[in-house]
Structure formats: structure tokens, C-alpha cells
Amino acid sequence: MRLPNITRGLLAVIALLLLPVAPSSAGKTLDQVRQRAQLVCGVSTGVIGFSSADSQGRWSGLDVDVCRAIAAAVLNDPNKVKYVPLNAQQRFTALQSGEVDLLSRNTTWTLTRDASLGLTFTAITYYDGQGFLVPKKLKLTSAKQLKNAEICVQSGTTTEKNLSDWFKAQGIKIKPVVFEKFEASIKAFFSGRCQAYTTDASALAFIRSKEAPRPDDYAILPELISKEPLGPVVRRGDDEWFAIVKWVIFALIEAEEYGVTQANLEQMKASTDPAIQRLLGRAEDSGKLLGLERDWAARAVKAVGNYGEIFQRNVGSASPLKLPRGVNALWNKGGLMYAPPVR
Amino acid sequence: MNHVTATHAWLRRNLFSDAFSGLTTLLLLAGAFCWLPGLIDWMLLQAVFEPDAAACHAVNHAGACWGVVADKYRFILFGRYPYAEQWRPLLATAMLLLVIATSGLRLMSRAPLLAAWALALPAFLILMGGGIVGLSPVGSDQWGGLPLTLLLATMGMLLALPLAILVALGRQSGLPLLRGLCMLYVELVRGVPLISVLFLASFLFPIILPQGFSIDVLLRVQAGIVLFAAAYLSETIRGGLQAVSGGQHDAAAALGLDRWQAMRWIILPQALRAVIPSIMNSAVSVFKDTSLVTVVSLYELTGSLALALAGDAEWRSFYLEGYLFIGLIYWIGCYAMSCFSRTLESGK
């Protein structure tokens, strides 16, 4: 009969609920990745330029290249990555529960996320900010003129909160019109439902050029109302893995600084510059300190190129997004990209 | 009889029998005239059928861009399943559909049909999962598209129905504890949306389970769907059981059948028969509810469509055509179920 089954089931559920929540990391992500010979990377369900799958299911994008670089450094093969597409609601749970080794999914680094979710942000791979797209016929020159305007926005991310925060601080009343789906939100905006559309600046230019019925009828306002530093996230409590992810990204940035590219990597290995020798594992063995092979950084650059190359290929001039380097340029070229020295 | 007068009589009888029906016919015709040319123009005449994004953008939504389906159909139908191995989900889906169709059309008698199901389901799982007979293993988290939708819906109904019958019987049981438990289960599960059951199955379980001990996410989600569907179905079946008149119980007892025999041979067949439309209703809704598993990162039809388009600069703006395509797939599925339900009801 059903009785014993149901009772047993209920008891099992109650017992499970009473179990203390297990620490979210056993501290051995590197071993697990090596053992299964595969990096499991949490990515987005499709953000142009950052992570998206093509018709054959192959992933590409800036966030994807970070995964590939880490797989190259750890496993010596950038293709040994399994991509798990995650939406905004499930991304952190997937990382906490160990479903993914790494979350490389255009996720904004904030104090709350860093301090309360059992996660740690590693390094910043893209500095984004939130902007506005408006129809030119409204003759707006600043977001501050959007008094009483209806503004189309997508829910479920930091975008919606930034919008209300910023206008509250300015003492301006606006009416947010919230949509759950991206398609619905831009459709509404381009059919005249709202006077402005807001989202991350990295997406705005593309929305204007590709989704607008007539791109010239729309303009992007100069204000960026938020800081959106995006970067990979790992579970808390595995410092070894945290260091690996962080330093692979730093190495990619430093490779750009020293002019090491995918193409000239082999020549650069013969360079006499001590900094390059260190970076490429010709001088002291920095890999040993991270638990990696000596040429970990060289492998990463060989797989995906330096940070500048990754940028150009996925979101920069060689991509459909055509974003300028802007604040994402190197620190010595007027940007914010600065890596601590690999030494 | 003269052909023209026959047509005339038919028109008169079916479309213009009185002033009201005549007016309705005219209004509908007028509506079709306003609406159909535009639709045909959009769907066929101005449409782009080749997988050519530039041509689609040139048409600028004045015509449908079926090219998006032509370019992405493999991703939409099979999701994240490894591209080179997609003959496996194709074969598995075809096989499962064949067995379902065979059952629906009653082409086999009971014993071979049961055997076909008993073979088809393991074969489906082996084809999809691999790991033996030379097939490379493909984790269930990478299954997607139509096979996933079919698997979740079919297994959901196949397992929910017996469970629902047991629960419905439990709620009529003379044992108060059993009755209470069954009622608790039904009320608890019906009281929460499916989406929260899925979240629970997908996210809460791995966190509360001990480290290193995990149950496959597909299995957890499937169990969630079965439990959810069974709660609704059991109420439907309970309604059927109550519709069987008390005299049937007495008649069965008079024939010397014990309670279980009476239930098996007299009461249940009548009860189930009475609620076929409602059961089919549940089947249709389970089929469509499988689209909710997208929220827990299983990418069935709707999920794999979103995945295929969201990040694609060229094709993203043609999501409507994509949704129409999978809408058609869902409609075919649901319509087939309706037809099946009608043949069951007519008792052929």
C-alpha cells in the first residue's frame, strides 16, 4: 500500500531539511576539473558578444574566451569546456550547488553578491555601465530631461534598481515600464510605448543599429547611470581555484601590456625582456605556485590571444557590436584595465 | 439532383439558416477578407525561406523570415545535444513518436504494445545517454529540444497516471491515516505552482543533499512533474470514481468479486472511461507545462529556441517566426492528443 512509501518519503524529506547546509565548497575544484578533464563553465543564455551559441551549438564570446583561457591553462586544451547556460535567477545557485566550476556570465560585481552569497568575484573582464536610448524626435540631450517619462526596462537584473535609484537621487519622477523578456521590452520601445529604453551600454549601440526600424531616428544619451564591472565568479572557500581564475585573467591583461599576442607568442618566448620571460614561464616557475604547469599563461594566450585580442574579436571593432575600448583600454592607454604583475 | 441546388441547400442549411447565422457568416467572411491576404502575404508571398540573414533583414519584417528556422532547426529541435551526434536524438524521437502513434491509432493488441513500450523507453534512454554499445556518453543536462519535451511529457503521464489512481483510491480508503496522507499530498502539491516544484527539485535538493551525493537534474525535474501531474489527475479520477453508482459495487459483490477485483474489473474501467476528456486535458497541459523546465536550465523546445536566438546578432530579431515554428509543433502534438481522446471516448 501507499502508506509506508509516503511516510518514508516524508521522513526522508524532513531529514534532509534538518541536515545542516553543507559548506558550499570542498576546496578542491582544481582536482575535480583535472579528474574529469573538463571545466564546467556557467555562461549566459545568450548575450551577444559575451556568450552565445551558434547554429551548431558552438559557444563564443568574451565570457566564453575566459573559460577557454582557463581550460587551456589548467588542462592544456581550450576545448575541454562544458558550457552550462544559466539565466539571471539561477546563476548563483548553480555555482553554489557545485553544478559549475566557474560563473563567467556578464555578472555585475556588487558588495551584496560578493559578501552574502557564498561566492567571490575574481577579476573584472569588462567595465560596463547603464545608459539610455531615446528617439531623436524628442530632442533630448540628457537623461535629466526624462521627467515623468515612461522608460522601458527589463526586470530581474541590477538594471531596474539602478534606474529607480538614479532618478530618485536626481529628484526626478519617472515611470518604469517593466518587461520580463528582452524581446518584449525592445518591441515595446520601438513601437513607441516608452520615451526611453535603458540597459547596459554594451548592448545599447547594438540594439540601435540592429533592432531599430530606422537606426538614425534614435540616439544614445551621454550619461552612464551606474557602474557595472563584470567578471567571473567562483565559490567561496577554495582559495587555490580563486587564485587560478584571477591570475589567468591578469596574465591575459599583462600579455596585452607587453605586446604578447596569439600570433607572436613563439617569437616572444625568445624575448630577453625579464617580464615577458616570467609571464611565459621562461624564467622562474610561477605555475608551481598556482598548482599549474610552468607555461600556464603562454597556453592561455595561445588559446584565445591577449585581453585586447579577446576584446576586439568579441565586442570590439572586429565584432558586430563594434564597441570602442573606452574605459576597457589598458591603464597606460587611458583605461581601467590594470593587472598586478605576474612575478 | 442538380449540383447547384445541392450547394445552395447546403449553404442555406449550414451558413444562412436564419438572420443571425447569416450575419455571423458575413462578418466572418468580411474578417477573413481583411485579414487573410495580409497573412498570406506575410507568411508566404513576401517571406524569405532561405537561411539568408541579409535577405531577411532586407525584407524588414514585411514578410516572414522562415530562414531563421532553416538555419537553426537543428538547434531548436535538439538543443545543446552535441552537433555531430544529433542522429541519436533524431532516431530516439522518431522511435518514441512511432510507439506513441501506434498506441494512439490502436494498431497493436495489448501484449505486443506493452512490449513495444518496454523496449522503446530503455532504447530511448540508451540512444540519448549513450555510454554503452559504442555510443559516447552525453549527460542528461545536454539533452534538449523536442526529445526532452517528449520524454518529460510521456514519462510524466505514464508515471503520473498509476500514481494518481493509487492516490484517488487512497482518498476513498477507510483508513483515516492513509486518507489524510493522500489528501495532504494532493493539497500540498496543488497548492504550489509547478515552477516552485521545479525550483525545489532543481536547486534546493542539491544544496541540502550531502556533499558528493547527487541525483541527476533531469531525474529530479521529471519526478517533480510526475508528482505535480499526479496530484491533479488523482482529483480527476476521484471524480470519476464518485460518478460510478453505488449499485455497481453491490452488483460486483453479488457476483462474488472481492473489493480489489471489483475495483479492477468493474469500478475503475467505468470511472476512467467517464473522465477521459479530463485526463486528456491533463495530458495536454503536462505536454505544454514541460516548457517551464527552462527555468531550471533544461532547454526543451522553447528553451532551445531562446538559446538559439538570444545571442545571435543576425537572427535575434526573427524570434516570432521561431515561436510560430515551435507553436506548430505543440499544436500538432495537442491536436493528436485530442483525436486520440475522441477515439477513446467513442469506444472504438
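Predicted model: local features only at pLDDT ≥ 70, side-chain atom pairs only at ≥ 80, totals over all residues.

**Exercise 1. Determine why strand β8 of chain A is described as largely enclosed by the rest of the structure.**

Solution. Step one: a residue counts as buried when 20 or more other C-beta atoms lie within 10 Å of its own. Step two: strand β8 of chain A spans residues 130–135, and five of its six residues are buried; therefore the strand is largely enclosed by the rest of the structure.

**Exercise 2. State how chain A is divided into domains, and characterise the contact between them.**

Solution. Step one: domain 1 consists of two segments, 29–127 and 230–333, while domain 2 comprises 130–226. Step two: the centres of the two domains of chain A, taken over C-alpha atoms, are separated by 31 Å. Step three: nine residues of domain 1 of chain A are in contact with six residues of domain 2 of chain A. Step four: on the domain 1 side of this contact, six residues are nonpolar, three are polar and none is charged.

**Exercise 3. Locate the residues that touch the most other members of the largest nonpolar core, and examine V248(A).**

Solution. Step one: this core has 149 residues, and those touching the most other members are L39(A), I70(A), V248(A), L252(A) and A300(A). Step two: leaving aside residues up to four places away in sequence, V248(A) touches A69(A), I70(A), A73(A) and A300(A). Step three: there is also a second, separate core of 25 residues, which includes C152(A), F190(A), L204(A) and I207(A).

**Exercise 4. Describe the contact between chain A and chain B from the side of chain A.**

Solution. Step one: each of the two chains, A and B, contributes 31 residues. Step two: α1, β2, β4, α4 and α8 of chain A each supply at least two residues to the side touching chain B. Step three: among these elements, α1(A) gives the most, with five residues. Step four: by class, this side of chain A has 16 nonpolar, eleven polar and four charged residues.

Terms used:
Residues numbered from 1 in each chain as written. Chains lettered and ligands numbered in written order. Core = buried A, V, L, I, M, F, W, Y, C linked by C-beta atoms within 7 Å. Buried ≥ 20, exposed ≤ 12 C-beta atoms within 10 Å, placed from the backbone. Contact = placed C-beta atoms within 7 Å. Domains from an automatic or database assignment. Nonpolar A, V, L, I, M, F, W, Y, C, P; charged D, E, K, R; others polar. Helix = DSSP H or I, 4+ residues; strand = E, 2+ residues; numbered from the N terminus.
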